[in-house]
Amino acid sequence: MMPLIEVRGLRFRYEDGTAALNGVDFRLNPGETVALLGPNGSGKTTFVLHLNGLLRGEGTIDVCGLRLDKRTIPEIRRKVGIVFQDSDSQLFMPTVLEDVAFGLLNVGFERSDALARAGTALETVGMSRAASRAPYHLSAGEKKRVAIAGIVAMEPEILVLDEPTANLDPPGQRSLADLVTHLPQAKILVTHDIGFALALCQRAVFFQSGRIAAEGTLPDLIARFDWDSTVERSKSRG
Amino acid sequence: MHRRDPRAKIAALLVFLVVLATARTGLLWLSAGFFLLLAAGLVWARLPVIAVLGRAAVVLPFTLVFVLVCWIGGDPGRGLSLAVKSYLSAVAVLLVISTTPLPALLRGLESAGVPSFLLLVVQFLYRYLFVIAEEAQHMGKAAAARGASARQWRAGSAAFRAAAGALAVLFARAYSRAEQIHCAMLSRGFEGRFRTLEPARFRRSDAVFAVLASAAPIALRIAAERAAS
């Protein structure tokens, strides 16, 4: 089975010399939902920014059989949709509908098609009622849904969600988990939210110092790296 | 007024501003006529007349400098006409802005030939001004929670240096956010050109509005100049 994403030997250094990725090998199979865990600054977000060419490091990245290079970046950006951690940075158009249609218009959809697809995407995330509202006036949960709609509208094959539950209250997290579960794409979740990851992911990889230190099932990695924020559970392990 | 196409309103506004700015004679009558015309527009648009007229006065402190220069130069009449013209222009601009949502206004300005880069800057400024202002408020509250107060600000004082440092942090955050926004735009296929959804159709009623709203200031100016001569 051809993987959707295959990364080999990815290395990246920021301009100030900080080594962020030190040889990452990664594979995402069709239909899979994988959690990327690891401490802050371990390279998770830097890694996902490479998946659609926003950052370019050494090593190779293949997406749906396409080798990522300057020539294939536009096509790969249609295949890999990234939902950023801070929705405010992603929702920059004056109205929700225009924001969701932004990517569609960029990739060449006619205005009427873009409008129809944006409407459908808003319906998928349950935000049709907000189409004419300004993104700034939405709640954190609503912003996140609209940000997802903006990506889903482009029908990517892989969905990358960077800290999707950040700033969401527990009902908002639950409702987001419901939504994400029902999206058909293969997914990569960058998250510290273990409950959310457990609800969605079949597999997890653990980043440490710019490398994948381990991969396996979530319960295994949680136990191995003591990666659970619940105080009671931590105490009982201690 | 709210439902009129932004292009019609912008065209009428431009005619109004040019007719007003180039008027030389009969300024008293012309100003009175324009004031009544704008007041009628405000009433038609169901805007709070007194509040808008008051808000337009915000331009007066800026024109005051020129008024004073004219006064000192021995031409108080010119100073006064400048102040009146700037005030009436501000009311006209407020009338258009208050009856046109910003996205529609920007699309209208784009159709009118305003460079799209400039409009992009306005759009982003409008979108993120609140976000950055909110961040500034949070920083202000955090500083106040640790005993900081604007009263302590004196040039060279520790509090002043801390405030300057906070401003630098705010700038760095705004810069970082700009980079994140750029990443989000690239991710969704942005290649340097902004495409927008279908602009509103220019109806016959919009054309009628544009003609009438443009003709009114011209007619008033002709009438005022005849009355003056």
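The legends below describe close-up views of a predicted model.

**View 1. Nonpolar core with residues of chain A.** The largest nonpolar core of the model has 78 residues. Those with the most contacts inside this core are A:Val100, A:Ala118, A:Ala149, A:Val160 and A:Ala204. Helix α4 of chain A (residues 96-106) supplies the largest share of the core, 7 residues.

**View 2. Surroundings of A:Ala149.** When neighbours within four places in sequence are left aside, A:Ala149 is in contact with A:Val100, A:Ala121, A:Leu122, A:Thr124, A:Val125 and A:Met127. One of these partners, A:Val100, is listed with A:Ala149 among the residues with the most contacts inside the largest core.

**View 3. Second core, with residues of chain B.** A separate core has 22 residues. Its members include B:Ala11, B:Leu88, B:Val91 and B:Val96.

**View 4. Side of chain A that touches chain B.** In the contact between the two chains, 27 residues of chain A meet 22 residues of chain B. On the chain A side, the elements that give two or more residues are α2 (73-79), α3 (87-90), α4 and α5 (111-124). Helix α4(A) gives the most, with 6 residues. By class, this side of chain A has 14 nonpolar, 7 polar and 6 charged residues.

**View 5. Crossing of α3(B) and α5(B).** Helix α3 of chain B (residues 49-56) and helix α5 of chain B (residues 76-98) have axes that come within 8 Å and cross at roughly 125°. The two helices are therefore oblique to each other. The crossing of α3(B) past α5(B) is right-handed. From α3(B), the contact is made by B:Val52, B:Leu53, B:Arg55 and B:Ala56; from α5(B), the residues are B:Tyr87, B:Ala90, B:Val91, B:Leu94 and B:Ser98. By class, the contact of α3(B) with α5(B) has 7 nonpolar, 1 polar and 1 charged residues.

**View 6. Packing of α6(B) and α7(B).** Helix α6 of chain B (residues 102-111) packs with helix α7 of chain B (residues 116-145) at an angle of about 170°, and their axes are 10 Å apart. Angles over 145 degrees count as roughly antiparallel, and α6(B) and α7(B) are therefore roughly antiparallel to each other. In α6(B), B:Leu102, B:Leu106, B:Leu109 and B:Glu110 take part in the contact. They meet B:Ser116, B:Leu119, B:Val122, B:Gln123 and B:Tyr126 in α7(B). The residues of the contact of α6(B) with α7(B) divide into 6 nonpolar, 2 polar and 1 charged.

Note on methods
Residues numbered from 1 in each chain as written. Chains lettered and ligands numbered in written order. Predicted model: local features only at pLDDT ≥ 70, side-chain atom pairs only at ≥ 80, totals over all residues. Axes fitted to C-alpha atoms, helices over the stretch in contact; angles between N-to-C directions. Helix = DSSP H or I, 4+ residues; strand = E, 2+ residues; numbered from the N terminus. Parallel < 35°, antiparallel > 145°, perpendicular 65-115°, else oblique. Left-handed = near helix turned anticlockwise from the far one by under 90°. Contact = placed C-beta atoms within 7 Å. Nonpolar A, V, L, I, M, F, W, Y, C, P; charged D, E, K, R; others polar. Core = buried A, V, L, I, M, F, W, Y, C linked by C-beta atoms within 7 Å. Buried ≥ 20, exposed ≤ 12 C-beta atoms within 10 Å, placed from the backbone.
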